[in-house]
Amino acid sequence: MTSLQVITALVPILSVLLFLVVMRLPATRAMPLSLLATIIVTFWVWQVPLVQLAASILEGWIIAFTILVIVFGAIMLLNTLKATGALTVISAGFSSVSRDHRVQVVIIAWLFGAFLEGASGFGTPAAIGAPLLVALGFPPMAAVVMALIGDSAPVSFGAIGTPVIVGLGQGISGISPSELQAIAVIASGIDVLIASALPLTMLALLTRFFGANKSWREGLAIWPFALFSGFAFTLPAYLVARFVGLEFPSILGALAGLGLVVSVARRGWLLPVTPWRLPPSGGDEAGASVASLADKPTMGLFRAWLPYLVVAGLLVLTRVDALPFKAILQSLAVDFPQLLGTDISTSVAPLYLPGTLFVLVAIAVAALWRLPLAITASVWRESLGRLLPTMIALGTSVPMVRIFINSGVNGADLASMPTALGQLAAATFSNSWPLFAPFIGALGSFVAGSSTFSNMMFASLQQDAALASDLPPGVILALQMLGSNAGNMICVMNVVAAASVVKLAGKEGEIIRLTLLPALLYCGAAGLVGWWLTR
């Protein structure tokens, strides 16, 4: 590639970083500008036909709609629980486990988020976890950052193993299930070494950037509990990946971790004597404008949690291939074949979307708990009224990503932009490829918004780079998986969705500035372990 072509391929990435992170523009302005810049350089330098660009934009709008449903469903369920008083009971329940905000972060953002990632993926953990943290007194910014960082390591097997089974499975032609499992076991084994430190990283960032004393030490002081919590997830997940299969490491690892960590926290083991608390956030951005049914709700903890438990159960039941529900829900799909006569096709299965389940459960809660009609109407108005900034951000960011991915159809005889960048990186850093392989995976998740898409885009390139450098392909593909996990922390679509749920639209750049460092550290640590394994 020429220098101009390299710069062009980087425009979708650099423009996001420039407008969103450096210039600190809100996503409602940064993403339209990034989309415009991408359209211009893709048409001018990459010579992608206008019809391909238009079809990619249409595809992006369809995908953006599915993400918007998740955001709306998460907001609506949250507001419904706020109106019934259930959210107050849930908050009190977490406080009864421990008043220490550091412990609550580990339980919600790290372990409960891991369970939601394993059951559903698609940004669900941050969309549910962030408002739960806000309800416990966390500043919205802290809640979103913690939820995004926590939703990383579980992504290896998110959504019932989809990143491995579909991502790597479709990214590498002819790969067998046993080979996929071997790669996943390597990735999970590396994660035991590096991801087990993520809770400690999260807590150090929490106390440094959001605590009253701005101290790293207050987060590091809880290191025995944080490391125990890290291993409480990663070790069971590794054992499940090795001895059971690819579908349930995140789910079963999270359930095992929740049982262990909650038991330890209730007894005060591994914890300092004095609980650590954040300063008051001075507001209730999780939905305080919705009227509440009762100032002092009397429902029990199980009933308050029941809507979330039902959602989690339905997500699991509808995503297991052995059960009939997944096929039934996916069969009711709206297809969009060959958009504008191109080879770009997509489809939407409305009943299979996680957001649809959120909405249905929220409606059922309002009906079964006899929420007054006036309060129910206020829930709908508040939830719908929150969507406009998200529509603008997603309606421009997702089409930009699809143009980037679909740029392989062009008049310049070039590969697609992500493939071209990956090939350039592989040729440039072939002698030390294990150090750089995770960053390719992170790039894929950052721009595509999905670990699955990242693995599909770059698995073949990673395998070719490994063979050309005489490196074990299994280790390099495992590093691709881990890098795609890290990219989930900074993925624009996840950031926009999580920010929208807690009324932080316009603060997306600030969120990415806080999640970028742990994402880079995760990639760097994975690369170092991979380099050591290939020596």
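**Exercise 1.** Which residues does Tyr 308 touch, not counting residues up to four places away in sequence?

*Solution.* Note that the model is predicted. Start at Tyr 308 and list its contacts. They are Leu 77, Leu 78, Leu 81, Ile 90, Ile 128 and Leu 132, with residues up to four places away in sequence left out.

**Exercise 2.** Describe the second largest pocket and its lining.

*Solution.* Begin with volume: about 510 Å³. Then count the lining: 22 residues. Leu 10, Ile 13, Phe 439, Ile 440 and Leu 443 lie nearest the centre of this pocket. Now sort the lining by class. It has 21 nonpolar residues, one polar residue and no charged ones. Finally, trace the helices. α1, α19, α20, α22 and α24 each supply at least two lining residues. The most come from α20, with seven.

**Exercise 3.** Is Ser 250 buried or exposed?

*Solution.* First, locate the residue. Ser 250 sits in helix α13, residues 249-267. Second, check its relative accessible area, which is 2%. Third, apply the cut-off: buried means under 20%. Ser 250 is therefore buried. Fourth, list what surrounds it. Leaving out residues up to four places away in sequence, Ser 250 touches Ala 114, Gly 118, Pro 154, Phe 157, Gly 158 and Phe 233.

Note on methods
Residues are numbered from 1 along each chain as its sequence is written. This is a predicted model: local features need pLDDT of at least 70, side-chain atom pairs count only at pLDDT 80 or more; totals for chains, interfaces and linings use all residues. Side-chain values use heavy atoms; hydrogens and water are left out. Contact means heavy atoms within 4.5 Å. On a 1 Å grid over the protein atoms alone, a cavity is a set of points where a 1.4 Å probe fits but cannot get out, and a pocket is an open set with protein on both sides within 12 Å along at least five of seven lines; lining residues have an atom within 4 Å of a point. Grid points are joined across faces, edges and corners, and a volume is the space filled by probe spheres set on the points. Helices (H or I, at least four residues) and strands (E, at least two) are DSSP runs, numbered from the N terminus. Ala, Val, Leu, Ile, Met, Phe, Trp, Tyr, Cys and Pro count as nonpolar, Asp, Glu, Lys and Arg as charged, and the others, Gly among them, as polar. Buried means under 20% relative accessible area, exposed over 50%, partly exposed in between (1.4 Å probe, protein chains only).
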